[in-house]
Amino acid sequence: MNVARRVAIVTGGAGGIGGALVARLAREGARVVVTDLDADSARAVSDRVNADHPGSTVSAGADASDTPQIQELIDLAESTFGPVDLYFANAGIAGAPGLDASEQDWDLSIDVNLRAHIRAAQLLVPLWLERGEGYFVTTASAAGLLTQIGSATYAVTKHAAVGFAEWLSVTYGDRGVRVSCLCPMGVNTRMLTAGRDSGDALGRAATQAVMSAGDVLEPAEVADAVLTAIADERFLILPHEEVLDMYRHKGADYDRWLRGMRRYQSSLLEQE
């Protein structure tokens, strides 16, 4: 898909990967609704991008996991720019570390990292089937293919996000609905250091694991990878190419991979 003159919604657009996606989409000629729970920061991103590309974005504060608010974003896009062509389910949270995560922690992670995607697809896919095309882009994580040391809520919900994206592609890919799934490792965003700042040993190990596993990329580099994948209509987006080898090793000998991950986690905790 060529994104020029297309209409997109980017959740979690107030900064990080989301903000970089907004800027790159606008540069390529797309029109974008920038949305985030932090309405002021979403507006700041929109204003900054509009300064370079006048009229290319509007912003709205919204909870990307709430169905009525997702509908309001779709309505805003349609009234401002036209029917939605691309939806970037990018909003996400790191989640609580350890097995002691509360029911509320689990509910929040599942809502933001998974159900937000399901609820957006429930609203958009029927419209795209009628029109014969549409594009759903999931921001998951390398943790969705591998795992996440420290945070069960993050590891489990990112696996689920990958699984839902796969299901969307299998079910609707021959009916005009394209799907891509972004699975980066370390990216220079606030989420990268969330575990380190959690005050929990497993949380600090989680941050160290991500930062030591490969290069920490800038959000703009990730946005470039996403736009390239959309142009190719490629499902799996791996800004860190080594993730594919890690994934292959995991599948080739699951028990060996698990033993290695346990050793790796132990080595990180020993550094505490």
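**View 1. Lys250 and the ring of Trp257.** In this predicted model, the charged end of Lys250 lies over the Trp257 ring, 4.7 Å from the ring centre. A charge sits over a ring if NZ of Lys or CZ of Arg is within 6 Å of the ring centre and within 35 degrees of the ring normal. Local features need pLDDT of at least 70, side-chain atom pairs count only at pLDDT 80 or more, and totals for chains, interfaces and linings use all residues. Residues are numbered from 1 along each chain as its sequence is written, and side-chain values use heavy atoms, without hydrogens and water.

**View 2. The stacked pair Phe164 and Trp167.** Four aromatic pairs are found in the whole structure. In one of them, Phe164 and Trp167, the ring centres are 6.1 Å apart and the planes meet at 15°, so the pair is stacked (rings of Phe, Tyr and Trp, the last by its six-membered ring, pair with centres within 6.5 Å; planes under 30 degrees apart are stacked, over 60 edge-to-face, the rest tilted). Phe164 is buried at 14% relative accessible area, while Trp167 is partly exposed at 43% (buried is under 20%, exposed over 50%, partly exposed in between; 1.4 Å probe, protein chains only).

**View 3. The edge-to-face pair Trp167 and Tyr172.** The centres of these two rings are 5.9 Å apart, with 85° between the planes. Tyr172 is buried, at 18% relative accessibility. Phe164, Trp167 and Tyr172 make up one aromatic cluster.
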